[in-house]
Amino acid sequence: MSPVILYMSMSLDGFVTGPDDRAGQELGRGGGRLFTWLDDRLGDGVNGRIYREALGTGALISGRRTFELAGRWNGDHHDGVPIHVLTHHVDSGDEPPGSARFYTDVTACVTEAVAAAGDKPVMVHGASAAQSLLRAGLLDEMEIHLVPVLLGGGRRLFAETDPVELDLVRRLDGNGVTHLRYRVLR
């Protein structure tokens, strides 16, 4: 079965956006700093390796807020992979673009994403989606791109959660970031 993997850039103080993330300021104040490691994404180094690995996923699960703030990725996150958007409600007549589809049931969302991914991993984006999958026991791994900055505010990756044991399976130091891969222990 395809692993379901969270890919998320995070500040040392646990934020995935800066304060006041909204349309027009999607990453919040100072939140763009979390993604400067992507400046090396086309290179042969660690950051390029991690980027290519992420693009090797076969489906995407996103939270609704992330999906909307990202401009719905114009219907294509990468390489035409199916986009599964986890949301609390679906407005009638709201048709997501491209291969995107809305889900209100976390299990159905994951089941269909795994089926769509085939033998490739499923990528997860968004703090709320990650928290929902973790609570449901449906998140297999976390690839945290830990950026050495303290944002001091914003959206936390893990707000209130029950204790979860993790096993560090990989640590790679890239330019301006440490990539940490954890397996979620059940």
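## A tour of rings, a hairpin and a salt-bridge network

The count of aromatic pairs comes to two, with ring centres within 6.5 Å as the rule. The model is a predicted one.

**Stop 1: the rings.** Select Phe67 and Phe102. Their rings form an edge-to-face pair, 6.0 Å centre to centre, with 90 degrees between the planes. This pair links distant parts of the chain: Phe67 belongs to helix H2 (residues 64–69), Phe102 to strand E4 (residues 101–103), and 35 residues separate them. Are these two side chains buried or exposed? Phe67 is buried, at a relative accessible area of 0%. Phe102 is buried too, at 11%.

**Stop 2: charges over rings.** Arg64 lies over the face of the Phe102 ring, 4.1 Å from the ring centre. Then go to Tyr51 and Arg41. The charged end of Arg41 sits over the Tyr51 ring, 5.9 Å from the centre.

**Stop 3: the hairpin.** Show strand E7 (residues 166–174) and strand E8 (residues 177–184) as cartoon. The two run antiparallel and are joined by eight bridges. Pick Leu172 and look across: His179 in E8 stands opposite. Next, select Gly176. The hairpin has two residues between its strands, and Gly176 takes a positive phi near 80 degrees.

**Stop 4: Arg181 and its partners.** Side chains of opposite charge can pair when their charged atoms come close. The structure holds 17 salt bridges. Select Arg181 and take its partners in turn.

- Glu53: the closest N and O atoms are 2.6 Å apart in this salt bridge with Arg181.
- Glu141 lies in strand E6 (residues 141–147) and Arg181 in strand E8, so the pair ties together parts that are 40 residues apart in sequence.
- Glu143: the salt bridge with Arg181 is 2.5 Å, N to O. Glu143 is in strand E6 and Arg181 in strand E8, 38 residues apart.

Colour these residues by accessibility. Arg181 counts as buried at 10%. Glu141 counts as buried at 18%. Glu143 is buried as well. Glu53 is partly exposed, with a relative accessible area of 25%.

**Last selection.** Which residues make up the network of salt bridges? Glu53, Glu141, Glu143, Arg170 and Arg181 are linked in it.

Terms used
Residues numbered from 1 in each chain as written. Predicted model: local features only at pLDDT ≥ 70, side-chain atom pairs only at ≥ 80, totals over all residues. Heavy atoms only, no water. Phe/Tyr/Trp six-rings, centres within 6.5 Å; stacked < 30°, edge-to-face > 60°. Helix = DSSP H or I, 4+ residues; strand = E, 2+ residues; numbered from the N terminus. Buried < 20%, exposed > 50% of the residue type's maximum accessible area, 1.4 Å probe, protein only. Lys NZ or Arg CZ within 6 Å of the ring centre and 35° of its normal. Pairing = 2+ DSSP bridges. Salt bridge = Lys/Arg side-chain N within 4 Å of Asp/Glu carboxyl O.
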